[in-house]
Amino acid sequence: MTERYLVMPRGINVGTRNRVPMAELRSKLTNEGHTDVATVLQSGNVILSAESNHPDEIAGAVQRLLSDEFAVDVPCVVRTASQVRRALERHPLRKFVSDPSRHLVNFLSRTPDPEVVSALLEEDRSPELIAIEGTEAYVWTPDGVRAMTLSYAYLEKRFGVVVTARNWNTLERIVAKL
């Protein structure tokens with residue numbers, strides 16, 4: 001059965017590092033057997049269809065392709081189209097968000113330890129807010145991304161999982177293409 005996926009490589013085409021031409025990436029993914037390959041923005045958000053029903057397999061395949069073809073070694077986090085839509089529908093911080101560019105969804109490679117999550121949720125991180133639901137951590141950072149303390153790097157270190165973040169505006173653009 002064909003499944004639609006969002007592949008989120010972390011940290012490509014940000015600044016001068018890890019440069020990957022999106023047209024070439026789409027072409028190489030198509031040559032690998034993926035169908036309906038599309039990219040959203042230059043930051044490496046890849047939408048594709050695949051016969052696999054294992055997101056981890058898709059993540060590994062794209063990660064290897066990025067390494068082999070572009071000499072870019074970055075982790076990839078993958079979600080099905082329905083998982084991405086559900087993440088947007090949940091929107092647990094809805095009543096606090098006034099600027100979607102400062103509202104991020106952090107996609108975690110696996111569910112973090114519940115005790116570590118509970119400890120983080122008990123901390124006062126004002127003015128930032130965080131809500132964690134399964135493998136998504138929603139962060140509202142009213143002072144902007146540059147000032148945030150609940151970054152993907154912080155969450156990754158705290159939870160011991162791979163994390164990549166997308167802001168709300170980007171996710172809405174992605175869902176429109178799914």
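## Salt bridges and a buried glutamate in a predicted model

Glu136 and Arg79 form a salt bridge in which the closest N and O atoms lie 2.8 Å apart. This pair links distant parts of the chain, with Glu136 in strand 7 and Arg79 in strand 4 (residues 76-80), 57 residues apart. The model is predicted.

**Salt bridges**

- The structure holds eight salt bridges, among them the pair Glu136 and Arg79.
- Glu136 has a relative accessible area of 5%, so Glu136 counts as buried.
- Arg79 is likewise buried, because its relative accessible area is 5%.
- A salt bridge also joins Glu133 to Arg90, with 3.0 Å between the closest N and O atoms.
- The pair of Glu133, in strand 6, and Arg90, in helix 3 (residues 81-90), links distant parts of the chain, 43 residues apart.
- Glu133 is partly exposed at a relative accessible area of 30%, and Arg90 is partly exposed at 31%.
- Arg102 and Asp99 form a salt bridge whose closest N and O atoms are 3.6 Å apart.
- Arg102 counts as partly exposed, with 30% relative accessibility, and Asp99 is partly exposed with a relative accessible area of 25%.

**Glu128**

- Glu128 sits in the loop between helix 4 (114-122) and strand 6 (129-133).
- The cut-off for a salt bridge is a side-chain nitrogen of Lys or Arg within 4 Å of a carboxyl oxygen of Asp or Glu.
- At 3.0 Å, the side chain of Glu128 reaches the backbone nitrogen of Leu150.
- Apart from neighbours within four places in sequence, Glu128 is in contact with Trp140, Thr141, Pro142, Ala147, Met148, Thr149 and Leu150.

**Met148**

- Met148, one of the residues in contact with Glu128, is found in the loop between strand 7 (136-140) and helix 5 (152-159).
- The relative accessible area of Met148 is 14%, so Met148 is buried.
- With neighbours within four places in sequence left aside, the contacts of Met148 are Leu104, Glu128, Val139 and Thr141.
- Met148 and Ala137 are eleven residues apart along the chain, and their C-alpha atoms are separated by 14 Å.

**The chain as a whole**

- The secondary structure comes to six helices and eight strands.
- Along the sequence these elements follow the pattern β-α-β-β-α-β-α-β-α-β-β-α-β-α.
- The radius of gyration of the chain is 16 Å, which agrees with the value near 16 Å for a compact globule of 178 residues.
- Taken along the principal axes, the C-alpha atoms fill a box of roughly 50 × 35 × 30 Å.
- Of the 178 residues in the chain, 44% are buried.
- Among contacts between residues at least 6 apart in sequence, 71% join residues at least 24 apart.
- The chain has an accessible surface of about 9,000 Å², and 47% of this surface belongs to carbon and sulfur atoms.

Notes: Residues numbered from 1 in each chain as written. Predicted model: local features only at pLDDT ≥ 70, side-chain atom pairs only at ≥ 80, totals over all residues. Heavy atoms only, no water. Helix = DSSP H or I, 4+ residues; strand = E, 2+ residues; numbered from the N terminus. Polar contact = N/O pair within 3.5 Å; in protein donor to acceptor, adjacent residues only side chain to side chain. Contact = heavy atoms within 4.5 Å. Rg over C-alpha atoms; globule rule 2.2 N^0.38 Å. Buried < 20%, exposed > 50% of the residue type's maximum accessible area, 1.4 Å probe, protein only. Areas by Shrake-Rupley, 256 points an atom, 1.4 Å probe, with all protein chains shown as cover.
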